[in-house]
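I opened the notebook to look through one protein fold, a page at a time.

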Amino acid sequence: MEDKEILHAFKVSANKDLAFRKLVEEYQERIYWHIRKIVITHDDADDVVQDTFIKVYKNLDSFREASQLFTWIYRIATNEALNHLKKMQRRPSISMDDVYQELENHLSQGVDIDGDEIQLKLQKALLSLPEKQRLVFNMRYFDDLKYDDIAEITGTSVGALKASYHLAVKKIEDFLGKD
């Protein structure tokens with residue numbers, strides 16, 4: 001089903017659940033991996049994916065189609081993942097640096113991440129980036145999104161995104177050049 005067909009079917013109350021199932025089938029895997037790169041652990045990613053699709057379901061009737069459906073869903077997923085990280089930070093005496101250290105510890109334990117030492121080092125390099133650069137890098141490099149789509153998702157200008165991406169690449173290269 002195309003996005004327009006899904007949206008049309010969703011507006012017909014008799015088809016709402018079927019249309020939503022099609023939407024989830026279409027986007028669940030991409031959204032999961034997008035979120036997973038932000039929150040790192042499988043369990044957290046599953047929780048955030050569920051929260052994302054609950055929010056999508058509740059707000060799909062008000063989707064104005066001014067943007068593409070997938071960019072709208074990515075924006076919700078990104079915001080939900082960032083909110084999840086902020087909730088982790090709200091625990092008593094936990095700073096954002098502590099949150100990122102905890103995420104890095106999950107990577108080092110290797111329970112949730114497949115791959116070799118280089119993949120682990122890349123993930124650690126990504127965690128060393130500021131939040132915005134990490135998001136832009138993930139969406140551009142791993143998700144292969146166009147700058148225009150990332151701009152729509154993040155509400156940032158294309159020029160600023162390109163600058164963030166290139167800074168992220170430079171920092172990752174520097175990080176990987178250590179040792």
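Predicted model: local features only at pLDDT ≥ 70, side-chain atom pairs only at ≥ 80, totals over all residues.

Here are my entries, in the order I looked things up.

**Entry 1: the overall picture.** I looked up the elements, and the protein has nine helices and zero strands. Along the sequence the pattern reads α-α-α-α-α-α-α-α-α. The protein has 179 residues, and 42% of them count as buried. I also checked contacts between residues at least 6 apart in sequence: 62% of these join residues at least 24 apart.

Entry 2: The mean pLDDT of the protein is 86, with 85% of the residues at 70 or more. Which element has the lowest mean pLDDT, and which the highest? The lowest is helix 5 (residues 96-109), with a mean of 60, and the highest is helix 3, with 96.

**Entry 3: helix 3 with helix 4.** I took helix 3 (residues 42-59) and helix 4 (residues 69-89), whose axes come within 9 Å and cross at roughly 130°. Helix 3 and helix 4 are therefore oblique to each other. Their crossing is right-handed. On the helix 3 side, the contact is made by Asp44, Val48, Asp51, Thr52, Lys55, Val56 and Asn59. Helix 4 brings Trp72, Ile73, Ile76, Ala77, Glu80, Ala81, His84 and Met88. Sorted by class, this contact has eight nonpolar, three polar and four charged residues.

**Entry 4: helix 6 with helix 9.** Next I looked up helix 6 (residues 117-127) and helix 9 (residues 158-177). Their axes come within 9 Å and cross at roughly 130°. That makes helix 6 oblique to helix 9. Helix 6 passes helix 9 in a right-handed crossing. The contact uses Lys121, Leu122, Lys124, Ala125 and Leu126 of helix 6, along with Ile172, Phe175 and Leu176 of helix 9. I sorted these too and got six nonpolar, no polar and two charged residues.

**Entry 5: helix 7 with helix 9.** How do helix 7 and helix 9 cross, and at what angle? The axes come within 8 Å and cross at roughly 95°. Helix 7 and helix 9 are therefore roughly perpendicular to each other. From helix 7, the contact includes Lys132, Gln133, Val136, Phe137, Arg140 and Tyr141. From helix 9, I wrote down Leu161, Ser164, Tyr165, Leu167, Ala168, Val169, Lys171 and Ile172. The classes here are nine nonpolar, two polar and three charged.

Entry 6: Isoleucine 40 has a phi near 75°, which is positive in a residue other than glycine. Isoleucine 40 sits in the loop between helix 2 (16-39) and helix 3. Then there's aspartate 144, also not a glycine, with a positive phi of about 55°. Aspartate 144 is in the loop between helix 7 (131-142) and helix 8 (147-154).

**Entry 7: inside or outside?** Is isoleucine 40 buried or exposed? The relative accessible area of isoleucine 40 is 3%, so it is buried. Aspartate 144 has a relative accessible area of 61%, so it is exposed.

How values were computed
Residues numbered from 1 in each chain as written. Heavy atoms only, no water. Axes fitted to C-alpha atoms, helices over the stretch in contact; angles between N-to-C directions. Helix = DSSP H or I, 4+ residues; strand = E, 2+ residues; numbered from the N terminus. Parallel < 35°, antiparallel > 145°, perpendicular 65-115°, else oblique. Left-handed = near helix turned anticlockwise from the far one by under 90°. Contact = heavy atoms within 4.5 Å. Nonpolar A, V, L, I, M, F, W, Y, C, P; charged D, E, K, R; others polar. pLDDT = per-residue confidence, 0-100. Buried < 20%, exposed > 50% of the residue type's maximum accessible area, 1.4 Å probe, protein only.
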